[in-house]
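Please find below a short note on the model under review.

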Amino acid sequence: MSCEPQPAERTPFDVSDAEIDEALAACEGDPRATIRALLVGQAYLEHEMSRVQADASSGFRRRRHPLGD
């Protein structure tokens, strides 16, 4: 049995310095362009989530309930 501490599990919200550097490099080091790109990406994902939720809700309404309601 090892006495060394186990590495902490990464959550989906953990961002490494290397990932930040990669995002900045993708925008040629321009921090405003990097923030803009991240915000546009977030807005796109939020739009897609809303669309998928709306599609799922209408699909659920069309589907017959398994208990016969």
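**Notes on the predicted model**

1. Thr 34 is in contact (heavy atoms within 4.5 Å) with Ala 23, Leu 24 and Cys 27, leaving aside residues up to four places away in sequence. Thr 34 belongs to helix H2, helices being DSSP runs of H or I with at least four residues, strands runs of E with at least two, both numbered from the N terminus. With a relative accessible area of 7%, Thr 34 is buried; buried means under 20%, exposed over 50%, and partly exposed in between, for a 1.4 Å probe and protein chains only.

2. Residues are numbered from 1 along each chain as its sequence is written, and side-chain values use heavy atoms, with hydrogens and water left out.

3. The secondary structure consists of 2 helices and 0 strands. Of the 69 residues of the protein, 3% count as buried. The exposed surface comes to about 6800 Å², of which carbon and sulfur atoms supply 59%; accessible areas come from the Shrake-Rupley method with a 1.4 Å probe, and for residues only the protein chains shown count as cover.

4. How many of the 10 residues of H1 are buried? The number is 0, so H1 lies largely in the open.

5. Although Glu 28 is not a glycine, its phi is positive, at about 55°. Glu 28 sits in the loop between helix H1 (17–26) and H2, just after H1. Its relative accessibility is 77%, and Glu 28 therefore counts as exposed.

6. The structure holds 1 salt bridge, defined as a side-chain nitrogen of Lys or Arg within 4 Å of a carboxyl oxygen of Asp or Glu. Glu 48 pairs with Arg 51, and the closest N and O atoms are 2.9 Å apart. Both residues lie in helix H2 (residues 31–62), 3 residues apart, about one turn of the helix. Glu 48 is partly exposed at 21% relative accessible area, and Arg 51 is likewise partly exposed, at 39%.

Technical notes:
This is a predicted model: local features need pLDDT of at least 70, side-chain atom pairs count only at pLDDT 80 or more; totals for chains, interfaces and linings use all residues.
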